[in-house]
Amino acid sequence: IARRERRLLPDEESKLLSVAPPGLYRLIVAALETGCRLGELLSLRWQDVDLERTEMTIHAVNAKTRKVRHIPIVSRLRAVIEMATVDPAGHRFGPAVYVFGDAVGRRLKSPKKAWATTVLKAHGHTPIWVKSDLSPASREAYGAINLKFHDLRHEAGSRWLETGIPLHHVKQ
């Protein structure tokens with residue numbers, strides 16, 4: 001099996017974040033700061049986030065490994081999460097609402113279109129959508145960039161290794 005080795009290019013993170021819509025911005029930061037899989041982030045509810053203890057819980061049912069994980073919330077992620085604690089009317093979200101949901105806290109199915117649009121814009125391309133698919137030219141440009149959301153998980157792990165965190169901790 002061929003393994004992906006795609007890392008973010010210099011300034012690629014800032015370019016992605018500068019063009020990402022708010023919900024995707026939060027997901028990108030969360031992926032880079034936690035190393036979580038997209039499905040784990042999308043299934044996270046407010047009851048799983050403890051801002052006082054600066055920790056979030058990925059439940060076994062939502063994890064690929066089927067093991068519960070407690071993940072620290074670093075300051076950058078905390079700031080991003082705190083921006084999303086209220087609905088458009090200014091009311092605090094309840095415990096069963098999705099942290100990385102839509103504006104009213106419903107679970108997102110997939111941010112694939114927003115991701116593709118953001119990746120293309122960050123690389124200077126104006127995406128052209130035909131119904132729900134990228135045009136052939138946009139699809140070709142997106143393929144050439146070759147950046148998948150899952151690459152952010154690998155980027156997080158690589159960054160942790162570079163700061164000296166032992167491999168066995170990164171694997172966990």
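Student: Leaving aside its neighbours within four places in sequence, which residues is Trp 115 in contact with?

Tutor: Contact means heavy atoms within 4.5 Å. By that rule, Trp 115 touches Leu 16, Leu 24, Ile 28, Tyr 142, Leu 147, Lys 148, Phe 149 and Leu 152. This is a predicted model, where local features need pLDDT of at least 70, side-chain atom pairs count only at pLDDT 80 or more, and totals for chains, interfaces and linings use all residues. Residues are numbered from 1 along each chain as its sequence is written, and side-chain values use heavy atoms, with hydrogens and water left out.

Student: Is Trp 115 buried or exposed?

Tutor: Buried means under 20% relative accessible area, exposed over 50%, and partly exposed in between, with a 1.4 Å probe and protein chains only. Trp 115 is buried because its relative accessibility is 4%. Of the 172 residues in the chain, 41% are buried.

Student: With which side chain does the side chain of Trp 115 make a polar contact?

Tutor: A polar contact is a pair of N or O atoms within 3.5 Å; within protein, one must be able to donate a hydrogen and the other to accept it, and residues adjacent in sequence count only if both atoms are side-chain atoms. Here the partner is the side chain of Tyr 142, at 3.4 Å.

Student: Where in the chain is the place of Trp 115?

Tutor: Helices (H or I, at least four residues) and strands (E, at least two) are DSSP runs, numbered from the N terminus. Trp 115 belongs to helix α5, residues 112–122. The chain has eight helices and five strands.
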